[in-house]
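Hi everyone, thanks for making time for this. Have the sequence and the viewer open while I talk, and let's walk through the fold together.

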Amino acid sequence: MNVLLINPTYHSFFSLGLSFSEPLGLAYIAAVLERDTTHKVEILDSVGLDGAFEKEGRTLRIGLPVAELLGIIKEKNPDLIGASLITSLYSEEIIKFLVEIKKIKPETPLVIGGAHATLEWKKCILEPAVDFIVCGEGEATMVELLKVIEEKGNLHDVQGIIFKDRNGTPVRTPDRPPIDIETLPFPARHLLP
C-alpha cells in the first residue's frame, strides 16, 4: 500500500509559531511504518516545500497553494492518505482541504490525527471526507490500522481509532496505552524537504 502523510497548507494572521515547525508526528509515524510494514511511505510537507509565506488577502499562506498541493496528491495516487490536524486555529480550513482531496480521490481512505482530531473527534468524524481518526499517539495505531484495512479485518479490533459504521454512526474503539518512547525509531526526517 502506498501511504501519503500530509502536513497541510493553512492561512494565518501570524508568521510565527506552528509555521516553522517540522511535522515530527508525521515523521515518527512514517519511521514506524517504514520499520514495521512493507508499505511505501511518503510525507508531503506543504509548509516545508513552500519555503516562503505568501500574503493572500489579510493573511499569510503557510504552505504550497492548495491547487498545487492537490495536483501533487493526484499525481502520487496514494492508496491511503493521512493528514495532521493539530490545532483548532486552522481546523476548518484543513477540513475544507480534506473535502477537496475526497473530490479527487473519493475511494481513498483518509485518516486524520493530531491533538485537534483527538480532542474534537465527535465533530471531526462527522465530516464526510474523514474516514478514520487516530487518537493520541498514532505510531502503533497506524501500523495496526493499515494491516486491518489491507486484510479487510475487523476495525473494532484496532485500539485508538474512530470510524463510521455502515450506518454512518461513529464508533470509538478503546484507547491504546501510551507508547514507550524508547521503542520508537528516530523520525523519518529523510522524507521531509
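Let me begin with a definition: two strands pair if DSSP finds at least two bridges between them. Helices (H or I, at least four residues) and strands (E, at least two) are themselves DSSP runs, numbered from the N terminus. Now the housekeeping. This is a predicted model, in which local features need pLDDT of at least 70 and side-chain atom pairs count only at pLDDT 80 or more, while totals for chains, interfaces and linings use all residues. Residues are numbered from 1 along each chain as its sequence is written, and side-chain values use heavy atoms, with hydrogens and water left out.

With that in hand, look at strand β1, residues 2–7, and strand β6, residues 80–84: they pair in the parallel sense over four bridges. If you want a landmark there, find Leu4, whose bridge partner in β6 is Ile81.

Those two strands belong to an open sheet of seven, and the order is β3-β1-β6-β7-β8-β9-β10, with mixed pairing. At the edges sit β3 (40–45) and β10 (170–172), each pairing on one side only. Ignoring direction, neighbouring strands in this sheet are turned by 20 degrees against each other on average. For all the angles today, axes are lines fitted to C-alpha atoms, for helices over the stretch in contact, and angles run from 0 to 180 degrees between N-to-C directions.

The hairpin of β9 and β10 has five residues between the strands, and in it Gly168 takes a positive phi near 85 degrees.

There is also a second open sheet, this one of three strands in the order β2-β5-β4, with antiparallel pairing. Its edge strands are β2 (10–12) and β4 (54–56), each of which pairs on one side only. Here the twist averages 40 degrees from one strand to the next. β4 and β5 pair over three bridges, and Lys55 stands opposite Leu60 in β5.

On to the helices. Which helix comes within 10 Å of α3? That is α4: the axes of α3 (residues 66–76) and α4 (residues 91–104) cross at roughly 40 degrees. The two are therefore oblique to each other; angles under 35 degrees count as roughly parallel, over 145 as roughly antiparallel, 65 to 115 as roughly perpendicular and the rest as oblique. The crossing of α3 past α4 is right-handed, meaning that the near helix is turned clockwise from the far one by less than a right angle. On the α3 side, the contact (heavy atoms within 4.5 Å) is made by Val66, Leu69, Leu70, Ile73 and Lys74. From α4 come Phe97, Glu100, Ile101 and Ile104. By class, that contact has seven nonpolar residues, no polar and two charged. Ala, Val, Leu, Ile, Met, Phe, Trp, Tyr, Cys and Pro count as nonpolar, Asp, Glu, Lys and Arg as charged, and the others, Gly among them, as polar.

Next, a few loop residues. Gly63 lies between β5 (59–62) and α3. Is Gly63 buried or exposed? It is buried, at a relative accessible area of 0%; the cut-offs are under 20% for buried, over 50% for exposed and partly exposed in between, using a 1.4 Å probe and protein chains only. Leaving aside residues up to four places away in sequence, Gly63 touches Thr9, Ser46, Val47 and Asp50.

Thr108, in the loop between α4 and β7 (110–113), also counts as buried, at 7% relative accessibility.
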